Amino acid sequence: MAYRQLTVILRPHRLDPLCDALVELGVSGITLTDVEGVGRQQGFSTLHSGVWYQSKSHPKVRLDVAMPETLIPQAIALVLSHARTGVEGDGKLWVIPMARAPVVVRTIQLDGEGSSMTGEIDSWTDLMGRKD
C-alpha cells in the first residue's frame, strides 16, 4: 500500500474541528507543531498591557500526518472545508510521497500493515547492545 504525508499550515482556532474530522475519516497519528509564518498578511499590531506590540509573523499550527494515498483526496477536502475562511492567512497544504509505510518504533512493524521489519534490521542493535 502506498503512503503519502499530508502537511497543513493553518490558523490555530481551526485546528480542533479539522483533527476531529480527520479522526472520523480514519486517520490517526497526527503530529502538531506551533509555528509562525510571514506571508501576504504583512504582520499585525496588538495592544498588550497598555503597550502596542508589532509582529511581522502570525501564529499558525503545522499538522503532519502519514496516510494511505487512497485517503488523500478526502483529507484534502476536509482541510479545505474546515480550514478555509477565504481571507488571507488561511494557510497552505502539500502532499509528499513516502518511500514506505511508517514504522511503529515500539513494535518495529509497518503502521497499518501489521508486517514486521525485523528481517530488514537484524544488523541493528538497540541502545543496550542487544540484537533484535
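Among contacts in the chain between residues at least 6 apart in sequence, what percentage join residues at least 24 apart? In this predicted model, the share of such contacts that join residues at least 24 apart is 67%.

**Figure 1. Overview of the chain and its elements.** The predicted model shows a chain with 2 helices and 8 strands, and, read from the N terminus on, these elements follow the order β-α-β-β-β-β-α-β-β-β. The chain has 132 residues, of which 28% count as buried.

**Figure 2. The largest nonpolar core.** In soluble globular proteins, nonpolar side chains tend to be buried together. In this chain the largest nonpolar core has 19 residues, and those with the most contacts inside it are Leu 6, Leu 18, Leu 22, Leu 63 and Met 67. Two or more residues of this core come from each of strand 1 (3-10), helix 1 (15-25), strand 5 (58-68) and helix 2 (72-83).

**Figure 3. The surroundings of Leu 6.** Leu 6, one of the residues with the most contacts inside the largest nonpolar core, is shown here with the residues that it touches, leaving aside those up to four places away in sequence. Leu 6 touches Leu 63, Asp 64, Val 65 and Met 67, and it also touches Ile 72, Ala 75, Ile 76 and Val 79.

**Figure 4. The largest pocket.** Rolling a probe the size of a water molecule over the atoms shows where empty space is left. The largest pocket has a volume of about 320 Å³, and of the 16 residues that line it, the closest to its centre are Gly 39, Arg 40, Gly 89, Gly 91 and Lys 92. Strand 2 (31-37), strand 5 and strand 6 (91-97) each contribute at least two residues to the lining of this pocket. Sorted by class, the lining of the largest pocket consists of 4 nonpolar, 6 polar and 6 charged residues.

**Figure 5. The second largest pocket.** The second largest pocket holds about 280 Å³ of space, and of its 18 lining residues, the closest to the centre are Ser 28, Ala 66, Met 67, Pro 102 and Asp 111. Strand 1, strand 5 and strand 7 (103-104) are the elements that give two or more residues to this lining, and strand 5 gives the most, with 5 residues. By class, the lining of the second largest pocket divides into 10 nonpolar, 6 polar and 2 charged residues.

Figure 6. Arg 11 lies in the loop between strand 1 and helix 1, and it counts as buried because its relative accessibility is 14%, which is under the cut-off of 20%. The side chain of Arg 11 reaches two backbone oxygens in this view, that of Val 87 at 3.3 Å and that of Glu 88 at 2.8 Å.

**Figure 7. Pro 68 and its neighbours.** Pro 68 has its place in strand 5, and with a relative accessibility of 17% it counts as buried. When residues up to four places away in sequence are not counted, Pro 68 touches Met 1, Ala 2 and Tyr 3. The view also includes Ala 101, which is 33 residues from Pro 68 along the chain, and the C-alpha atoms of these two residues are separated by 8.3 Å.

Conventions. Residues are numbered from 1 along each chain as its sequence is written. This is a predicted model: local features need pLDDT of at least 70, side-chain atom pairs count only at pLDDT 80 or more; totals for chains, interfaces and linings use all residues. Side-chain values use heavy atoms; hydrogens and water are left out. A nonpolar core is a set of buried Ala, Val, Leu, Ile, Met, Phe, Trp, Tyr and Cys residues joined through side-chain atoms within 4.5 Å. Buried means under 20% relative accessible area, exposed over 50%, partly exposed in between (1.4 Å probe, protein chains only). Helices (H or I, at least four residues) and strands (E, at least two) are DSSP runs, numbered from the N terminus. Contact means heavy atoms within 4.5 Å. On a 1 Å grid over the protein atoms alone, a cavity is a set of points where a 1.4 Å probe fits but cannot get out, and a pocket is an open set with protein on both sides within 12 Å along at least five of seven lines; lining residues have an atom within 4 Å of a point. Grid points are joined across faces, edges and corners, and a volume is the space filled by probe spheres set on the points. Ala, Val, Leu, Ile, Met, Phe, Trp, Tyr, Cys and Pro count as nonpolar, Asp, Glu, Lys and Arg as charged, and the others, Gly among them, as polar. A polar contact is a pair of N or O atoms within 3.5 Å; within protein, one must be able to donate a hydrogen and the other to accept it, and residues adjacent in sequence count only if both atoms are side-chain atoms.
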